[in-house]
Amino acid sequence: MAELGSKGVTAGKIAINVQKKLTRAQEKVLQKLGKADETKDEQFEQCVQNFNKQLSEGTRLQKDLRTYLASVKAMHEASKKLTECLQEVYEPDWPGRDDTNKIAENNDLLWTDFHQKLVDQALLTMDTYLGQFPDIKSRIAKRGRKLVDYDSARHHFEALQTAKKKDETKIAKAEEELVKAQKVFEEMNVDLQEELPSLWNSRVGFYVNTFQSIAGLEENFHKEMSKLNQNLHDVLLGLDKQYSGNAFPVKAQPSDSTPAKANKSPSPPPDGSPITSPETKTVNHDLEPSTLETPGASIPKSPSQPAEAAHAGAEAAGSEAAAGAEPSKTEADSGSSSLPAVVVETFPATINGTVEGASSERADMPPGFLFKVQAMHDYTATDSDELQLKAGDVVLVIPFENPEEQDEGWLMGVKESDWIQRKELDQCRGVFPENFTERVQ
């Protein structure tokens, strides 16, 4: 029986709620059609507008603050990676290694502390501030429903009073429901009339405290970070001073300039045919230009080969001067030579002004091929236009399409393996640091 009674009560409540919803819907329709008047409170409506604006601003501020915190965390990670990189490249014998490690550790702690204080003093405060809005918003909606109930009860009571056939019992009951509806509405209305203005005014102090906290935390963070940066600057300045006077080779010398090749000086063919093997020419720069002129010898004037033209003329002069200089060879070997100082230059063998074997080899090379280099160290590309290199990779060096785009210390090229497989420059070429490579050809 108790269970049935409980179900009966539940069913009764449901029926009452359904009836209320129907009555409210009917009342709203009549009000919209102008067949029933609606109780208006312009002052309260202004409070509701301020409430909605305040909620919207607070929600946006919370969202932007979360985005700011995410950015701080991302900057922390980026800064941590950067200091880790510094620790890895800082060699053990460099001065200040322990100092850089300590700076990196303090840098990490400073970022962590900054982020945590932002959470505690800004984000959590923001969450608490917005936590009061849902309950008030629900009460505003409930007040609106109770206002409709009050208007409906008022209209029902007025209709019974103005009816031609009056029923005193119904009028008394309608009056009782009107008084009850009015009391419920006014209680909620009075409470909200006090809370909404107070909540609206509280926004000023909240915004002030929030942004003061963020500004203060930022100021302290950047002040401490500035000290760490100054310490790091001083450490690196000391490193620069200690090593500034030393010479550090940035790349190996080309193999064709080694002393072994410089000492080779085969004689040219007796029949005067073009040179077919690498030759070392001795040019006496102290001689007058007139002494280099010989009958029947001419210096080519091709603009594309100025170096070869000059050396061709010097070769002719050297051949004629060889006979006269031969007796002095013994004196030179004994250290008593009185000949002027000479400069030894090495040139590759040429056939009709072209490097021997180059025509067939360059036919398989990319357009504008200059020379080959080999990577001595791994290089990780940091941009889409850079080549990723492994130690041992051979790169075919080509000129820049626009020479003005070439930065000092950088070359343009394509890895030999990529060129052999694809033969496409646009998708294979890229720039790379010259000091990571050694010229091999």
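Me: How many bridges join strand 5 to strand 6 in this predicted model?
Reply: This is a predicted model. Strand 5 covers residues 371–375, and it runs antiparallel to strand 6. The number of bridges that join the two strands is four.

Me: Which residue of strand 6 is the bridge partner of Gln374?
Reply: Strand 5 and strand 6 are joined by bridges and run antiparallel. Strand 6 spans residues 394–398. The bridge partner of Gln374 in that strand is Val394.

Me: Which residue in strand 9 does Gln374 stand opposite?
Reply: Strand 5 is also joined to strand 9, residues 437–439, by three bridges, and these two run antiparallel. Gln374 has Val394 as its bridge partner in strand 6. In strand 9, the residue opposite Gln374 is Glu438.

Me: What is the bridge partner of Val395 in strand 7?
Reply: Strand 6 pairs with strand 7, residues 410–415, in the antiparallel sense over four bridges. In strand 7, the bridge partner of Val395 is Lys415.

Me: Why is strand 6 largely enclosed by the rest of the structure?
Reply: A residue counts as buried when its relative accessible area is under 20%. Strand 5, which is joined to strand 6 by four bridges, is mostly covered, with four of its five residues buried. Strand 6 is largely enclosed because the number of its five residues that are buried is four.

Me: Is Phe185 buried or exposed?
Reply: Phe185 has its place in helix 5. The cut-off for buried is under 20% relative accessible area. Phe185 has a relative accessibility of 8%, so it counts as buried.

Me: What distance separates the C-alpha atoms of Phe185 and Leu147?
Reply: Phe185 lies in helix 5, which runs over residues 168–243. Along the chain, Phe185 and Leu147 are 38 residues apart. Their C-alpha atoms are separated by 6.0 Å.

Me: Is Glu194 buried or exposed?
Reply: Glu194 is found in helix 5. Exposed means over 50% relative accessible area. The value for Glu194 is 57%, so this residue is exposed.

Me: Which residues gather with Glu194 in a patch of negative charge on the surface?
Reply: Glu194 belongs to helix 5 and has a relative accessible area of 57%. The residues that gather with Glu194 in the patch of negative charge are Glu186, Glu187 and Asp191.

Methods. Residues are numbered from 1 along each chain as its sequence is written. This is a predicted model: local features need pLDDT of at least 70, side-chain atom pairs count only at pLDDT 80 or more; totals for chains, interfaces and linings use all residues. Side-chain values use heavy atoms; hydrogens and water are left out. Patches are made of residues with over 30% relative accessible area and no salt bridge: like charges are joined within 9 Å, nonpolar side chains (Val, Leu, Ile, Met, Phe, Trp, Tyr) within 5 Å. Accessible areas come from the Shrake-Rupley method with a 1.4 Å probe; for residues, only the protein chains shown count as cover. A salt bridge is a side-chain nitrogen of Lys or Arg within 4 Å of a carboxyl oxygen of Asp or Glu. Lys and Arg count as positive and Asp and Glu as negative; His and the chain ends are not counted. The place of a charge is taken as NZ of Lys, CZ of Arg, CG of Asp or CD of Glu. Buried means under 20% relative accessible area, exposed over 50%, partly exposed in between (1.4 Å probe, protein chains only). Two strands pair if DSSP finds at least two bridges between them.
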